[in-house]
Number of protein chains: 2
Amino acid sequence: MQKPSIVKGTRDFSPEEMAKRNYIFDTIRSVYKLFGYKQIETPSMENLSTLMGKYGEEGDKLLFKILNSGDCLAGFTDEELLQKNSVSFAAKACEKGLRYDLTVPFARYVVMHRNEISFPFKRYQIQPVWRADRPQKGRYREFFQCDADVVGSDSLLNEVELIQIIDEVFSRLNVRVCTKLNNRKILSGIAEIIGAPEKVVDITVAIDKLDKIGLEKVNEELLSKDLSQEAIDKLQPIILLEGSNSQKLQTLKTSLAASEIGLKGVEELEFILAKTELINLKSELELDLTLARGLNYYTGAIIEVKALDVQIGSITGGGRYDNLTGIFGLPGVSGVGISFGADRIFDVLNQLDLYPKDSVLGTRVLFVNFGEAESDYILPIISRFRQEGISSEIYPESTKMKKQMSYADSNNIPYVAIIGENEKNSHMIMLKNMQTGTQELLSADECINTLRY
Amino acid sequence: MQKPSIVKGTRDFSPEEMAKRNYIFDTIRSVYKLFGYKQIETPSMENLSTLMGKYGEEGDKLLFKILNSGDCLAGFTDEELLQKNSVSFAAKACEKGLRYDLTVPFARYVVMHRNEISFPFKRYQIQPVWRADRPQKGRYREFFQCDADVVGSDSLLNEVELIQIIDEVFSRLNVRVCTKLNNRKILSGIAEIIGAPEKVVDITVAIDKLDKIGLEKVNEELLSKDLSQEAIDKLQPIILLEGSNSQKLQTLKTSLAASEIGLKGVEELEFILAKTELINLKSELELDLTLARGLNYYTGAIIEVKALDVQIGSITGGGRYDNLTGIFGLPGVSGVGISFGADRIFDVLNQLDLYPKDSVLGTRVLFVNFGEAESDYILPIISRFRQEGISSEIYPESTKMKKQMSYADSNNIPYVAIIGENEKNSHMIMLKNMQTGTQELLSADECINTLRY
């Protein structure tokens, strides 16, 4: 006899949590489908050769590695083992690891299936990923990602479409959001203009902190990164960029006039903003230069979504990346994608209590069990109810009425059908509304009509 | 640059395969819900202490073990490592493993959440499991299980309900099946009657082969297992049991008259068969004594489903097990459950081509892209189409018409909307039916009406 426990950083999902999560996943899924994205799934395990080196040194450490089956120590010499070098040991004793994100497995999928795929390939994928992070509040070792990407198309209409998808999903979920937009090329342009192209990361990291630490500290940080005072002065109008999106674009055009790549970034942003004007987004789309998300990864648009009514990090993000599949031998395939953060969206909906009532509905009616004669009579009736699409249960034992009612109660079953001897003889059903406490004597047909949504 | 590969025994699922699998999962899920089962999910990883020793010695070997993160060799002495004992090494270097089935994690769930659960607890769970099997045709290292169980109720109405669920699922999937029913208590009774209660496994394994090897060989095998000729003679009427279910029950009642447990089994079967008569099953339910599934595990009813039109093993199975949670310190909780074999059902539906057309539908209409002016005009139109629930795409680049048409073709998009300069000026849409090749000039409203299912 052992006391059972759950792996730290992982979670069980109860029926209620599942209903809520399914509501979120179903919403995202149906919007993806509406925009023509097709679902794929990849295995939970990938060869470590596919995963290693794709997420930086820190990422390699966070991969869950699976010990080879069978005699996993057979191939080791005594010397190898006595070195006790866990990294080189794992490299030999483990061939497989758990998926760390959905992007690298997707890149592998595209390369391995390139002859079956008709490009541009619009795919979505909703699956768990695993990271050997130190467990902490709000950070899990197993969590779901909900990605959509288009690969094989350079068209900025894809960016426009993904922004539309974000808008539609959060509108359906009733979450007020602001979508922030930036472009990696503009960040490169800025660094170029101030004469420090190699400092693009330092500059962006510093600007990114504006909200938190204020302008003065940002400038201090820039100085500490060996940027000249002249360069920092040049940065000021860009850091303090204000006004409408088109005003910002005008300022940027002037500031970046001498940078080809910077102007290209402005042009891309202009295109995306102009096209979204044609389609009446329900939420705000804001040009935000402090957006630095995944800087070393993205090559064009950068997208991030903030919830307006809850203090929480970004709840969706994405962007354009060139050469997704180059590492697997298929160069020249550009991609752009987004990823909904299901766990944070779950938290937002919980905090704002935004789940529609019918998203958490379970059984509609419980038939009370008074004994074998009554339950024999009920079995064909409950079959008919189910045939009519009404989720129904009969309490399996003929225990005390009170226990059966309390089962209905704790399972949030809104109606209880009572068929005792009287009801049986008169072919009627006593239907009790558990919320109001009222009872009505109804025929089976009337009952079905009442119970239908 | 590396050539990517996939882990042996695992699979990618293409959009078409996903649509077909979702059709199966959605069918099972909606029937489970209709019968009042609630969904839960448990983590992919469990502590190995939860998993080890639950699936027999062979099962322990088939568990995928996850190497501890960080310095996994730090705790080992030189001596321990030099023993090169992979089993004891893994026991120390791995704390976690991948879920092997859904039953043990469910038992853990029930014990850990027993104070939140209102029993009887009817739960379903559709998740992947992993087994380090040698990969071979039709056997995968990652596959989905679709389980439903009721725990905390001894009532045989639960068995009746699960048989109804099986009937409903396969009726919805249009798969002709026969559900076979047996009872562990009858098998025990038989062994008792012939004076060899300890031989119940040998007897059942032998009888199980009747179909394949014939009566004579079965009797030879029984002899070889040290059963007396007298015992084997007594077995003959049971092995050769024929006729309707009620005839079989009559024979068994006579044969098992002296065995209390055997008669209890007959009584249980009688109850289940009588109740299913009240609800008009669409498929056959057959008492089959040769059914021996999971003998050491089940304690009452044993259920197995065979497809009638495809040669394949059992496509669904289940049964009653007492004391599911005893191993985790919560005794006295009886359970009964079934598990649909999604992969085999997938094969059956493929072989019989039973997927309804609308189960694999993707994008409904592709808008051809003739350039920026036309696509600007299309963007609000396509938004409206999507608002009307019509899954729509615009080809992201204004490439050759032929290429765009071939994209529609290979993605099975049934309609293409063509809006060139003429259509734009007259506010009309040329809608091409890709199957018939016919084109019609329609207003946006007419188009939407045509495209709606």
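Where does Pro120(A) lie in chain A? Pro120(A) is found in the loop between helix H6 (103-112) and strand E5 (121-130) of chain A; helices (H or I, at least four residues) and strands (E, at least two) are DSSP runs, numbered from the N terminus. The peptide bond leading from Phe119(A) to Pro120(A) is cis, with omega near -5 degrees.

Before I continue, a word on the source: this is a predicted model, in which local features need pLDDT of at least 70 and side-chain atom pairs count only at pLDDT 80 or more, while totals for chains, interfaces and linings use all residues. Residues are numbered from 1 along each chain as its sequence is written, chains are lettered from A and ligands numbered from 1 in the order in which they are written, and side-chain values use heavy atoms, with hydrogens and water left out.

I turn to the interface. Here 108 residues of chain A are in contact (heavy atoms within 4.5 Å) with 108 residues of chain B. The rule finds twelve salt bridges across the interface of chain A and chain B, a salt bridge being a side-chain nitrogen of Lys or Arg within 4 Å of a carboxyl oxygen of Asp or Glu. Glu393(A) forms one with Lys122(B), and their closest N and O atoms are 3.4 Å apart. On the side of chain A that touches chain B, helix H15 (residues 372-387) gives the most, with eight residues.

Finally, chain B. Asp226(B) has a positive phi of about 70 degrees, although it is not a glycine. Asp226(B) sits in the loop between helix H10 (210-224) and helix H11 (229-239). At 65% relative accessibility, Asp226(B) counts as exposed, a term for over 50% relative accessible area (1.4 Å probe, protein chains only).

Key
Buried means under 20% relative accessible area, exposed over 50%, partly exposed in between (1.4 Å probe, protein chains only).
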